[in-house]
Amino acid sequence: MDTLDLRGEVCPYNFVKTKLALEELETGQILEVILDAGEPIQNVPRSVKDDGHKIIEVKKLPDGAFSLKIEKS
Amino acid sequence: MTEVNYALLKKGGFMRQRQKDNFALRLKIIAGRVRADQLPKLAEVAEKYGKGYVHLTTRQGVEIPFIQLKDIDAVKDELAKVGLTPGVCGPRVRTVIACQGDILCPYGLVNVEEIGIKADQRYYGKELPHKFKFAFSGCINSCAKPQENDFGSIGVVEPGWDGANCSQCHLCEGVCSSQAITFDSMERLQYDPAKCNLCGDCIRVCPTDCWKAKQVGHTVFVGGRIGRHPELGRELVVMVDDERLFALMDKTLDFYIKYGNRGERFGSTINRLGWDKFKSEVL
Ligand code: SF4
Ligand code: SF4
Ligand code: SF4
């Protein structure tokens, strides 16, 4: 599973990078992204959902960031 | 030369400039939308009769400066060909502004462009004690600045939670900017409606669609203004439907006509008579 650490990355680049990484994958493959709390977590999961992908697991990390596992549609 | 009726010209959207016999023509724009087929005509008129540019106002308006007095009728006729008409100034309902709401904004909860168009049809140019401004926003982000206007609204949504598919991911807790969502020591989700600002972020973020919209509507603000004595509009009522929203606009304007002194902004009328008096008459 690929992991994309987007801590420190601002909107909308964090989403754009997520989108590009997902494009590299085959349907059903999983991508993990790590996002800061606040604006990134407000925008990226919603946009990922809007694009039709599935968020299958979310974990809150000790530093307050979130780890998301996304299944490519 | 015939005498110039400045008051009439101003009412008709022509604003006298500091340069003699020059006018800036304010156009009637609704909810910030100008059609592509109107733009070439705007450019043509600005080139031919103005100084080759238009001015964008802070309230989604378009003005063509440096129109000569003698050209006023020709300019009106030219613009009318593409459905552009002069706007209004003075003591009446001004340009109605709106953001693009749910037409395209990811945060948008309601179609405020439609609300703006309807409000324009009903009230634009209506004579009042002083100027009166409407602004409508599709969500609490308030991009159209409804709280800075005499009457404004924001789109709101009441979220409802069904935990059957909840994976305890904490994303909704993470996005909620009002701390309305928390998890107790047993990892059970708690929702506090008293803290909720009705933004809908939880609904948009939940990966398993546990959060759903229970009710969508508008929260209304009245009495806001900037100018010389700035004051933000006060929240009149939370979560009303379109019909009630328009009923409140009707009643608010009636109240202003009935009680407002000439030259008194609406917020000052409310301040003078008291918030409770206003509320009791319109709610
Ligand atoms: S007020 Fe809300 S709906 Fe309107 S443009 Fe801003 S974010 Fe979008
Ligand atoms: S609607 Fe907004 S404020 Fe209310 S619980 Fe959801 S995220 Fe929090
Ligand atoms: S975002 Fe959805 S799945 Fe995650 S904790 Fe909140 S309700 Fe549960």
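Between which strands of chain B is Ser142(B) found? Before I answer: this is a predicted model, in which local features need pLDDT of at least 70 and side-chain atom pairs count only at pLDDT 80 or more, while totals for chains, interfaces and linings use all residues. Side-chain values use heavy atoms, with hydrogens and water left out; residues are numbered from 1 along each chain as its sequence is written, and chains are lettered from A and ligands numbered from 1 in the order in which they are written.

Ser142(B) lies in the loop between β6 (134–137) and β7 (151–161) of chain B. Strands here are DSSP runs of E with at least two residues, and helices are runs of H or I with at least four, numbered from the N terminus. Although Ser142(B) is not a glycine, its phi is positive, at about 55 degrees. Pro12(A) belongs to the loop between β1 and α1 of chain A. Most residues other than glycine have a negative phi, and most peptide bonds are trans.

Let us turn to the sheets. In chain A, four strands form an open sheet with mixed pairing, in the order β1-β2-β4-β3; two strands pair if DSSP finds at least two bridges between them. Its edge strands, each pairing on one side only, are β1 (2–5) and β3 (54–60) of chain A. The twist averages 20 degrees from one strand to the next, where axes are lines fitted to C-alpha atoms, for helices over the stretch in contact, and angles run from 0 to 180 degrees between N-to-C directions. Six bridges link β3(A) to β4 (66–71) of chain A in the antiparallel sense, and Ile55(A) stands opposite Ile70(A) in β4(A).

In chain B, an open sheet of four strands has the order β1-β2-β4-β3, and its pairing is antiparallel. At its edges are β1 (14–16) and β3 (55–56) of chain B. Helix α3 (72–80) of chain B packs on this sheet and touches β1, β2 and β4 (62–68), its direction making about 145 degrees with that of β4(B); contact means heavy atoms within 4.5 Å.

Finally, the ligands. Which cavity holds ligand 2? Ligand 2 sits in the largest cavity. On a 1 Å grid over the protein atoms alone, a cavity is a set of points where a 1.4 Å probe fits but cannot get out, and a molecule sits in one if more than half of its atoms lie within 2 Å of its grid points. The shell of ligand 2 divides into eight nonpolar residues, three polar and one charged; Ala, Val, Leu, Ile, Met, Phe, Trp, Tyr, Cys and Pro count as nonpolar, Asp, Glu, Lys and Arg as charged, and the others, Gly among them, as polar.

Ligand 3 sits in the second largest cavity. Of the 14 residues around it, those that come nearest are Trp161(B), Cys166(B), Cys169(B), Cys172(B) and Cys206(B), a residue being near if one of its heavy atoms lies within 4 Å.

Ser142(B) returns at ligand 1, whose surrounding residues also include Cys99(B), Cys139(B) and Cys143(B).

How values were computed
On a 1 Å grid over the protein atoms alone, a cavity is a set of points where a 1.4 Å probe fits but cannot get out, and a pocket is an open set with protein on both sides within 12 Å along at least five of seven lines; lining residues have an atom within 4 Å of a point.
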